[in-house]
Amino acid sequence: MAPLLRRRAGFINRMALEVAYRCLGSEIEVPTIFASRHGEASRSVELLSELAKGQPLSPTSFGLSVHNATGGLFSIARRDHANDIALAAGQSTVEHAVIEACGLLAEGESRVLLVIYDGPLPTEYAAFQDCHEQPFAWAWLMQAPTEDVFSLSWSATSDNPSPNLERLPPGLEVLRFYIRKELCLERTCDKFRWFWSRDAQGT
């Protein structure tokens, strides 16, 4: 990425861009989904603070605070006109992003790049923290399966788990399930019970 664009990206953006570049390299025309629960929340807080002080806002900072800024930087830097989606869906962000990717594959795309990334909430929002927030980013280059590797199903629920500050962020829970090749992972959040499962012979 050109230095001028790289300097514009915040810390969370740069993590997401790093894993995206590692997956695709110079390849273009692959639809991309950038999914983050919080996005550049710190930048947004800075803008709100400036607004409260009556200070003029930087158009550049505002443009980079929105949720689709990461995908925009990725597209501009690579001169890539492929479909680019930004997604945020609370604690279920990973699951909704995977469903979105599967939808693109079902519509005929041969591959879809899925990038999951997040970071801690700003201190101003610390009271809303419900897990052990930490910075992370990972990416999957997804394609239609040739065998049953793993599946995702869900059902509605009225359960509402209490915050657990020792629990991993949802994105890292799913990544751990995948890397450890665990047979199942059940997550309850946002009025859904999500069930990830893997065939015993899956890889």
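How much space lies in the second largest pocket? About 280 Å³ of space lies in this second largest pocket, and the largest pocket has a volume of about 570 Å³. The model is predicted, with local features needing pLDDT of at least 70 and side-chain atom pairs counting only at pLDDT 80 or more, while totals for chains, interfaces and linings use all residues. Residues are numbered from 1 along each chain as its sequence is written, and side-chain values use heavy atoms, without hydrogens and water.

**Terms for pockets**
- On a 1 Å grid over the protein atoms alone, a pocket is an open set of points where a 1.4 Å probe fits, with protein on both sides within 12 Å along at least five of seven lines, and lining residues have an atom within 4 Å of a point.
- A volume is the space filled by probe spheres set on the points, which are joined across faces, edges and corners.

**Largest pocket**
- Its lining has 20 residues, and those nearest the centre of the largest pocket are Met-142, Gln-143, Pro-145, Val-149 and Phe-150.
- At least two lining residues of the largest pocket come from each of α6 (93–106), β4 (136–143) and β5 (150–156), where helices (H or I, at least four residues) and strands (E, at least two) are DSSP runs numbered from the N terminus.

**Second largest pocket**
- This pocket is also lined by 20 residues, with Gln-91, Asp-130, Asn-160, Pro-161 and Cys-189 nearest its centre.
- β6 gives the largest share of the lining of the second largest pocket, three residues.
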